[in-house]
Amino acid sequence: MAEPATKLPIKSEEKGVERRAEPWLPFESLRSEIDRFDDFGPNLWHRPLASALMRRVPRLSEQDMAPAVDLAETEKTYEITCELPGMEEQDIEVVISNGTLTIKGEKQVEKEEKRKEYIFSERRYGSFQRTFRIPDGVDTEKIAATFSKSVLSVILPKTPEAQQNERKIQIKAN
């Protein structure tokens with residue numbers, strides 16, 4: 001049986017333009033300090049395999065960590081769909097501010113397993129933010145968001161005027 005979708009509240013804020021925060025990369029400066037030792041030449045700290053492996057470690061940008069979204073336009077709405085596996089409704093926030101729609105999320109997982117011989121503890125943290133410009137002709141008061149089975153759906157209904165302004169352009173051959 002299908003699980004009912006949960007409606008998410010949409011916050012509306014009117015603030016000044018905020019600067020996007022740079023991603024926090026705490027080990028980046030440590031990596032650059034370690035990489036400086038490569039400048040001393042091959043005889044000092046010579047570990048070719050370790051050096052090669054360190055250089056191949058991909059560095060994730062903020063864009064790489066953000067989940068992919070599907071954007072669709074129908075006759076009456078724009079739809080944003082975002083898969084967020086492992087996240088819960090309370091971990092997600094949808095905000096409208098200054099003509100933009102922002103989807104934010106943060107996940108914090110802590111797991112601890114205690115046995116006679118050992119204690120296993122694991123923590124994972126991560127956050128993302130995706131921002132979209134709201135197109136002209138959207139009724140911002142009627143934007144709705146639902147979350148069901150780890151999929152966030154945001155519906156942006158078009159105003160009646162925007163629905164009527166569509167027209168086809170005829171393509172002419174040269």
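Analyst: Start with a cut-off: a residue is exposed when its relative accessible area is over 50%, and buried when that area is under 20%. Keep in mind that this is a predicted model.

User: Why is Lys-114 called exposed?

Analyst: Lys-114 has 61% relative accessibility, so it counts as exposed. The cut-off for that label is over 50%.

User: What makes Glu-112 partly exposed?

Analyst: Its relative accessibility is 48%. Partly exposed covers the range between the buried and exposed cut-offs, under 20% and over 50%. Therefore Glu-112 counts as partly exposed.

User: Why is the contact between Lys-114 and Glu-112 called a salt bridge?

Analyst: The N to O distance between their side chains is 3.6 Å. The limit is 4 Å, so the pair qualifies.

User: How do you know that Asp-139 and Lys-142 form a salt bridge?

Analyst: Their closest N and O atoms are 3.8 Å apart. A salt bridge needs that nitrogen within 4 Å of the carboxyl oxygen, so this pair passes too. A search of the whole structure finds five salt bridges.

User: Why is Lys-158 called buried?

Analyst: Its relative accessible area is 6%.

User: Which residue meets Lys-158 in a salt bridge, and what does the pair tie together?

Analyst: The partner is Glu-73, at 2.6 Å, N to O. Lys-158 lies in the loop between strand 9 and helix 4, and Glu-73 in strand 3, so the pair ties together parts that are 85 residues apart in sequence.

Definitions and conventions: Residues numbered from 1 in each chain as written. Predicted model: local features only at pLDDT ≥ 70, side-chain atom pairs only at ≥ 80, totals over all residues. Heavy atoms only, no water. Helix = DSSP H or I, 4+ residues; strand = E, 2+ residues; numbered from the N terminus. Buried < 20%, exposed > 50% of the residue type's maximum accessible area, 1.4 Å probe, protein only.
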